[in-house]
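Here is a short note to read beside the sequence and the structure.

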Amino acid sequence: MRILLVEDDSLLADGLARALRNSGYLVEIAADGPSADRWLADDDFDLAILDLGLPGLDGAEVLNRLRQRRQRTPVLIMSARMALEERVRLLDLGADDYLVKPVALVELEARVRALIRRGQGNPETVLTLGRLHLDTVGKRAWLDDTALDLTAREWAALEFLAGRLNRIVSKEQMTQALYSWDEEITPNAIEKFVSRLRNKLEPAGITIRTVRGLGYYLEKPAE
Ligand code: CA
């Protein structure tokens, strides 16, 4: 799950990004309005966390442009200045939720989880694929009653593929979903990664198919 965190206070941005990364999210930080606007227009995010007071272009305008482009990326507004009329205006502009600063990490994370679930049209917190159960809150996978040993990135890949059953995901989409833009990755990193994940999922009867030249998909298991 990929989050764009838009915050010009670099200390706060780094602290929040660290906490969210520890919880298994991939987080990119934008420190001003115009770069947030560009990121959102050019890239796919599962959620944007948007500060209001930003250099260049304020958060409300970033939100406005996002919705003008008919992008449905869920947006969580985070701001200190939030009178009632302001909150109403932001919700009318298309914000999905808001948090008043200073934000408590547990509350931020709970809202992030809820918005991402909603954004994927999946209010359920446990996904079941045959014998495999994915707990999207606890970020753990179970084969029947046995917990699967997955790294944070393997979990992210599994969740990503499971949310797109029988749909081909390109290597490029996988890279974007699993790696941060500044991470160095080798050309066959995704192949190696998928083959490791495949080995862990095979005992659960879960198959990741390769479609040569196009990408991968997670096969919907028989009922
Ligand atoms: Ca600010």
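Predicted model: local features only at pLDDT ≥ 70, side-chain atom pairs only at ≥ 80, totals over all residues.

1. The site links distant parts of the chain, with Asp8 and Gly53 45 residues apart. Asp8 sits in the loop between strand S1 (2–6) and helix H1 (10–22). Gly53 sits in the loop between strand S3 (47–51) and helix H3 (59–68).

2. Are these two residues buried, partly exposed or exposed? Asp8 has a relative accessibility of 35%, so it counts as partly exposed. Gly53 is also partly exposed, because its relative accessible area is 34%. The partly exposed class lies between the 20% limit for buried and the 50% limit for exposed.

3. Another part of the chain forms an open sheet of four strands in the order S6-S7-S8-S9, with antiparallel pairing. Strands S6 (126–129) and S9 (146–147) stand at the edges; each has a single partner strand, so one side of each has no neighbour in the sheet. Strands of a sheet pair through backbone hydrogen bonds.

4. At one end of this order, S8 (residues 140–143) runs antiparallel to S9 and is joined to S9 by two bridges. Here Leu143 is opposite Thr146 in S9.

5. Which helix lies across S6, S7 and S8? Helix H6 (residues 152–162) does, and runs at about 105° to strand S7 (132–135).

Conventions:
Residues numbered from 1 in each chain as written. Heavy atoms only, no water. Pairing = 2+ DSSP bridges. Contact = heavy atoms within 4.5 Å. Axes fitted to C-alpha atoms, helices over the stretch in contact; angles between N-to-C directions. Buried < 20%, exposed > 50% of the residue type's maximum accessible area, 1.4 Å probe, protein only.
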